[in-house]
Amino acid sequence: MQLPIVAPAPIVTAHAEIFRDLFENRCQFHHFQNYLTGLIVLDNKSLANITRCVLESADKTNLSRFFSEAPWFQERVNDRRLTYLLQQTQAVRGPKADAALILDDTLCEHVGSLFDYVDRHYNHSNDTYPLAHNPVTSYYVSGPVRFPVDLQLYRRYEECTQWETFVQKHFPDRPIPKTKKERARFHKAVDPILLADPDFQKLHEQFRTKIDLGIALLEAAIQHKVPFRVLLFDSWYLSEELVSMARYRKKDWISLLKKNRNLETNSFVLKDAAGQAIRLEGPHIAVEDLVPLIPSTAYREVTVGDTTYWTFTLAVRLPGLGKVRLVVSFKSAELTGTYAVLVSNRVDWDAQRIITLYLQRWPIETFYQDSKGHLGLDTYRMRSTEAIGKHWCLVFVAYAFLHLDCLPPSPTKGSLPLKTIGEACRQQAQALIEALILYAHEQLQRGQQAVDIFATLFAKQQPVMTR
C-alpha cells in the first residue's frame, strides 16, 4: 500500500491505549501509533516513507528523534506487551504442560557497515557470510497462541572484542589468516597475550555466546511469568550449560541432535533383527554410525497430524548431558532418504509425544518470515543500537496486535489461528482505504474541491524538484 494514511490502523487504535502512559506526551504516542501503522500496511517501511504517507505526521526528523532521542524505554514497552498478551490470551491458550518456549536466531542482512555492531555472520542456508545483525529470539507457543517473548543481539567474538585491532597492536608484523582452521590456530597462539591487555580483557568479559543469550532469554521468560513447561531448540543450542539451566528451572526440553554427537555405548543395548545384542566397540559411538546398525524391524509407525513417521527410540546417555530419550525418525517406510534425530530429557515420553511437541518449533520460522516479509524486522535504516532495538520492539508490538486479531474466539483442541499475519495486514490496509474514501467524502460534503483534497492528501508524496 502506498496511499495516504488518514488515521491509525483500526487494530492499532483498538490496542494502543494500553501503552499510552509509557510515553511522555501526545506527540510521542502519535509517533508510536503512526509507526505501527506504517509497519503493518506500507510496503516501504522507512522512516521517510511512513512520514510521507501519514497525513498528519511531521517531517522525517521528528520520527527519527522518536527512536534516537525520545525518552521512552523499549524494555518497559516489551514488559507491557507481554503482560497484555498474557491477559488477552488466557482463555485461548492450551495447557501449560504442552506450552513451549522456543530459542532460535535469525539474520537481519544489510548493505554497508555503518550500523552499530553489524558484522559478517554465517548463513547456513546458502553457506555465505553476509553483513548482518544476528538477534537471538525467544518465542512462545500454546495452542493457537504464538508470539515472540524477547530478543538479545548476538555479537561475534572478534567484533565484540575488536580482536583484529588488538592483534595489529600487539602483533603488527603477523598477518591474520583468512581460512577458518588457520584462524582458529592463530587465535590459540595470540589470545593469551591479548588477554594480558586490560582493555582487551574488559571487552573479552563482555562477550556472550548464543548459549549465554539463550539462558538469559529463558530466565527473562520465567521472570515475565510466561506459562510453559517445554523448551525447544535446534542442535546449535544443545549444550551442557543450557540443559543444566533448564533442569534447575524445572523445564523439560527437546532438541535436534547432530549426527556426529557421541553416545555412551555402555548405557544401552542394541539388538539385531534376530534379537541378539550387537557388540559395539569403544566407549562411544556417533549417532551416524549407530543408525545403520538399527534393524528395520525395530522401527514403529507414528502419525502426528496428517504426517506419518517411522521411528526408533532408545534411552541412552550423552556425554555431559546425562540420560536422554533418542528418537530416530524417517519419513519413508523404506527408511530411505534423510532422517532426523530428536533428543529429550524426558526418557518416559514416547516418540509421538516428542515429535508432536518438537513440531511446535515451526511457528518461530513462520514468525521470522512474517516479521520480515510483512512487518520490516530486517528493513530498518537506523544506525544506533538503541534505535534498532526500539524498531525490533515495535515490530514485536505490531505482530502482537495482528496475532490477537488472528485468534479464534472459542478455541478447541488442536485449533490454529483463523488467519495468517499476511491476511491480517491486508485487512488493515483495506480498512485504511475505506477510511481514506470516507475522509475524502466528508471533505467534499464540506464544500472542498476534489482537486484541493487530492493536493492535500498527496502533497508529501510529490517528488522534490531540484535544480
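Residues F32, Y35, L36, L39 and I40 of helix α2 are in contact (heavy atoms within 4.5 Å) with H391, L394, V395, V397, A398, F401 and L402 of helix α15. The residues of this contact divide into 11 nonpolar, 1 polar and no charged, where Ala, Val, Leu, Ile, Met, Phe, Trp, Tyr, Cys and Pro count as nonpolar, Asp, Glu, Lys and Arg as charged, and the others, Gly among them, as polar. The axes of α2 (residues 26-41) and α15 come within 10 Å and cross at roughly 70°, which makes α2 roughly perpendicular (65 to 115 degrees) to α15.

The structure is a predicted model, in which local features need pLDDT of at least 70 and side-chain atom pairs count only at pLDDT 80 or more, whereas totals for chains, interfaces and linings use all residues. Residues are numbered from 1 along each chain as its sequence is written, and side-chain values use heavy atoms, with hydrogens and water left out.

Helix α10 (residues 210-223) packs against helix α11 (residues 240-248) at an angle of about 15°, with the axes 9 Å apart, and the two are therefore roughly parallel (under 35 degrees) to each other. This contact is formed by I211, G214, I215, L218 and E219 of α10 together with E241, L242, M245 and A246 of α11, a set that divides into 6 nonpolar, 1 polar and 2 charged residues.

In helix α5 (residues 74-88), the residues V77, N78, R81, L82, Y84, L85 and L86 are buried, that is, under 20% relative accessible area with a 1.4 Å probe and protein chains only. Among the elements that cover these buried residues are α1 (10-15), β5 (145-154) and α15 (385-406).

Definitions and conventions: Helix = DSSP H or I, 4+ residues; strand = E, 2+ residues; numbered from the N terminus. Expected span 1.5 Å × (residues − 1). Buried < 20%, exposed > 50% of the residue type's maximum accessible area, 1.4 Å probe, protein only. Axes fitted to C-alpha atoms, helices over the stretch in contact; angles between N-to-C directions. Parallel < 35°, antiparallel > 145°, perpendicular 65-115°, else oblique.
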